[in-house]
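Open the model in your viewer and keep the selection panel at hand. Each stop below says what to select and what is there.

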Amino acid sequence: MTKRIQALCITMPKIKEKGIDRKIAPAIVDAARLHIELPKYEMHVLSNGVELYLFNMGTQETMMVNWILDAGNWYEQSNLVAATTNHLLKNGTASKNAFAVNQHFEFYGSYLNRNCYNETAEVSLHCLSKHVRELLPVVAEIMNESVFPEEELDIYKKNMHQRLKVNLQKNEFVATRMIEAYLFGEQHPYGRFSREEDYISLQQVQLKDFFQRYYQNGKAVIFVAGVLPKDIVQQLEASFGKLNWGKHSLPVNDHTLHPSGEKKYRLQNSIDGVQGSIRLAKLFPNRKHPDFPKMQVLNNVLGGFFGSRLMNNIREDKGYTYGIHSYLMNHIQTSALLISTEAGKDVCEPALVEVYKEVERLRKEPISDEELLLTRNYLIGSILSELDGPFQVASRWKNYILNGLNEEYFYNSIRTIREVSPRELQEIAEKYLTMEDFYELIVV
Amino acid sequence: MHEDHSTPMAVVNVMYDVGSRDEDPNRTGFAHLFEHLMFGGSVNIPEYDSPLQLAGGENNAYTSSDVTNYYIQLPAENLETAFWLESDRMLSLAFRKKSLEVQKKVVCEEFKEHYLNKPYGDVWFKIREMAYEKHPYRWLTIGKELSHIELAELEDVKEFFFRFYRPINAVLVVAGHVNTANVLELSEKWFGDIPSGEKNYRDIPAEPGQLAPKRKAVDAKVPLDAFYKNWHIYSRLDSRYYAADLITEVLGGGGSSRLYQSLVKEKKLFSNIECYHFGTVDPGLLTVEGKLIKGVKMEEAEAAVEEELMKLKESGIEDKELVKVKNRTEAVISFEDMSLMNRAGSLAFYEILGDASLMNSELQRYQEVTAENILEESRIIFDEKNSSTLHYYAKN
C-alpha cells in the first residue's frame, strides 16, 4: 500500500536558554513582493463544439468534472422548474431507476452533485481518478436520457415542502430571502424564492420540457481538474462529443430589476427567538465595471475578513454577535453589496447603529496606510491560499470564463490590491456607500 | 514535519490535548470559551490577528470534546511570523479583563445562534444527558447552559492555561513549502525555552455499560416530528471502531444507503434520514436521525427503522456492499488529504491519539474489516438495551 503521507516526527531536545526578543516581530515579505501566478488551463473542443477546460495538477489521485449548462432559473417560465429539473436528473433514466443511478456512483466512492444557480445549472462529479472511466458514460446518460418519474417528483415535492417549513422557522433563512427580494424584486431570478404553492404546482411535463430544451439540446461547457488520466479528452469525447449541445440558440430573457420602493423593514418571525437577523444591502455593478476590483478591497476593510472594521467593532469590541460579514454577490448581470449578521435580540438596533457608523467612517476618513497595508497583504495571502489545489484553480477560472473575463482581470485585481490608494478607496466609498440607498432589514 | 513543495503555502498547527471532557461538570463550556481567549493577545504581543494578517496569513481554531486545535496558513516566506505568534501565546497569555468580558458575550451569542435560535437546536443537549450518566460527553462542547459561561472569572482562565496549555500537552505540526532543518531551528528558537510543564493525566469516569433501554419524549415548537435513536459504540482506538464506522455508511451513506432507500423512497415514512457517529476518542454514540412525513406515527417510523436494523443483524451485508462502503471511505480520505491544512490537522490528531504514523495505516484498517465483523458488531451495537431514543414531537 502506498503511504498516505510522508512525515517526520521529532521530539524536541532540551536546549539551553537563549535570549530572543519576543516583542519584535520577525521580518516579513509583504504583498508587493510575493510572487503570485494564476496557473493556466489546457483547452480542447469536442466534436460537437463543446469547450473543455483541463487543469491537470494536484498531489492526490483525485479529480473533478464539472458540466455547466445555461439552465439556471433565468430560463424558467415558472418558479422552481429549473432547480427541480436539475435536482431530479439523478432520479431515473430510460434504463436505470434512481436507486441504480445512486448505487453506481456510490459504489465507486464518487459524488455526483447538482446545483442550480441563476444563470447556470451544474452537474459535478468528484471521484478517484482511477474510477472516472466507469462513471462518465452514466453522467452522459442522466444528461440525455433522464425521465423524471412521477413518483420521484412527488416524493421530492413533499420532502422539499417539509424542509421549507423547517427553514422558515429560522430567522436567518427568512432574512436572506427577503433582502434579495427587496433588492432585485420578487419576479426577478435573483430575488425569487420558493413558496409552498410553488412546490404544489410543479408538474412533470414542465420538467420534461425544460430538460429537453436546456439539457438535451442545451449549451454546455466542461471543466476538468485534478490528477487526470492520459486519455481524459478521448474519454470525454466518447461520452459527450456526440450530444446535441450548442446546436440551438437559447432565448435571451431580459429580466428587469424591480427593487422595492420601501427601504427599511422589521419583520417578526419567531416570538420566543433570542437573536435577530440583520441584513443591509445595496445594488452594485457587475465584475466588468472598472470600480469592481477597488470595491472588493474596500469591502474587505469593511467586513470581508476577521480583521475587518465590522468584526473589530461589533464582535471584538461590543460582543453583540458571533460574526458579522460583508460581501459582493457573485451574479453575472448585477452584483450587490451585502452586510449580514445574527445579533442578540436586544442589541440588534445598537448593532445597526454601529454598522452605519463604520460605513460613514469609510466615507469621511481616508484609510490609514497601516490598515491598508494589512488589508493588501491579507488579500494577497488569501488569494495565494485559494489558488492552492486543482479544484480551487478551476473554480476561479470558471468564474472568470462564465463572466466573460480572462487572466487580465486576475492580474488587474492583483494590481489594484497592491496599488489602490487611500484616496481612491474613499472616493469609492463616497460614490457607492450612500446610506440612503441601502435596504435594511431586521428579522426577529 | 511534513514537506510538500507543490504549494507556496505553509501551515503551522498546534493541537492541545484538552477538550470539553476535561471540564468541571459545574463549569462546562470552559475549554471552548478559553479557545476564544487565545486570540485576545499574549504576554509580549498585544494583538494576535493583525500581525498575522499583515504577513498574509489566516488562522482559526476549534474545540471538540477531546482536543483544541489552532491552525495558521500563510505564505511560506513568512513562516517565522507563525512561530513568533504561536510560541508567545504558549508562553503566556495577556489575561486581559476586557477580552474575557467581550468573549463571554461573543460565546453566548454563538450559543444562541447555534443551539437556541434554531428549530431542533436543543436536541443534542437532551440526547447527551440521556445517553451518558458518568462520562463528561454528557455535555456539549458549547457548555450545558449559558450561566456556566457567564460565571467564568479571570482566575479560572489562568488556572486552566497553566494546567493544560503547556508544551507537554501540545503537538506542533509544520507542513507545506518548508524545509526540515529550518523548521527545527525555528522550533528551538521560539518554543525551546518555554517550560515544558507537567503532563495532565486524566481521571475521567468511564461510562458504565448500559443495561436497559432509555427513552424520552418531548414537545417543541417545530413543524415536524423528529426521531433520534442512539447506541453506544467504541473508542477511537478500539479495533472494532472501523466496523462501526462502516456500519454507518451501510445504513446512511448516500442515496443508495439502506435507510434512505427503504424509509424515504420506498415506504415514504421520513422526509430525510441519516446515520452517523462523531469519531470521539472515548466511546461515542452511533445515531439514526430522521424527520417524519406529516401524518406518519412515531411508533410506525421507529418500527420501520428497527426492521432495517434487524435485516442487518440477521443477514449481514453482501460483498458488493462491503466494497462500496470501503471505496467510499477511501475516497473520503483522499479528498480530505487534498488540503494541506487537513493533512497537518490529521497528523496532530493521530499524534495525540498516540502515534502520528497511525495516519498511514488507517486505510488498511478499513480494508481489513470483513462482512463477518459487520454482522457481529451490528448485533452487539443494535441491542435495545444499549439504546437511547428521543421522540421529538411538533407541538402546534
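**Before you start**

This is a predicted model, where local features need pLDDT of at least 70, side-chain atom pairs count only at pLDDT 80 or more, and totals for chains, interfaces and linings use all residues. Residues are numbered from 1 along each chain as its sequence is written, while chains are lettered from A and ligands numbered from 1 in the order in which they are written.

**Stop 1: the two chains**

Colour by chain and look at the contact. Here 76 residues of chain B are in contact with 72 residues of chain A (contact: C-beta atoms, placed from the backbone, lie within 7 Å). Now select helix 4 of chain B, residues 97-116. Helix 4 gives the largest share of the side of chain B that touches chain A, 8 residues. Helices (H or I, at least four residues) and strands (E, at least two) are DSSP runs, numbered from the N terminus. By class, this side of chain B has 26 nonpolar, 26 polar and 24 charged residues. Ala, Val, Leu, Ile, Met, Phe, Trp, Tyr, Cys and Pro count as nonpolar, Asp, Glu, Lys and Arg as charged, and the others, Gly among them, as polar.

**Stop 2: the domains of chain B**

Select 2-191 for domain 1 of chain B and 214-394 for domain 2 of chain B. The bounds come from an automatic or database domain assignment. The C-alpha centres of these two domains of chain B lie 29 Å apart. Between them, 28 residues of domain 1 of chain B are in contact with 24 residues of domain 2 of chain B. On the domain 1 side, strand 2 (9-16), strand 4 (68-75), helix 5 (123-131) and strand 5 (170-176) of chain B each supply at least two residues. Helix 5 of chain B gives the most, with 5 residues. This domain 1 side of chain B has 15 nonpolar, 8 polar and 5 charged residues.

**Stop 3: the domains of chain A**

Select 42-240 for domain 1 of chain A and 264-443 for domain 2 of chain A. Their C-alpha centres lie 29 Å apart. The contact takes 24 residues from domain 1 of chain A and 26 residues from domain 2 of chain A. Which element gives the largest share of the domain 1 side in chain A? Helix 5 of chain A does, with 9 residues. That domain 1 side of chain A divides into 14 nonpolar, 8 polar and 2 charged residues.

**Stop 4: A:Glu180**

Zoom in on A:Glu180, in helix 5 (residues 171-184) of chain A. Is A:Glu180 buried or exposed? A:Glu180 is buried, with 22 other C-beta atoms within 10 Å. The cut-offs are 20 or more for buried, 12 or fewer for exposed, and partly exposed in between, with C-beta atoms placed from the backbone. Not counting residues up to four places away in sequence, A:Glu180 touches A:Tyr190 and A:Gly191.

**Stop 5: a helix pair**

Select helix 10 (residues 309-317) and helix 11 (residues 348-364) of chain A. Their axes come within 10 Å and cross at roughly 150 degrees. Helix 10 of chain A is therefore roughly antiparallel to helix 11 of chain A. Axes are lines fitted to C-alpha atoms, for helices over the stretch in contact, and angles run from 0 to 180 degrees between N-to-C directions. Angles under 35 degrees count as roughly parallel, over 145 as roughly antiparallel, 65 to 115 as roughly perpendicular and the rest as oblique.

Conventions. Contact = placed C-beta atoms within 7 Å.
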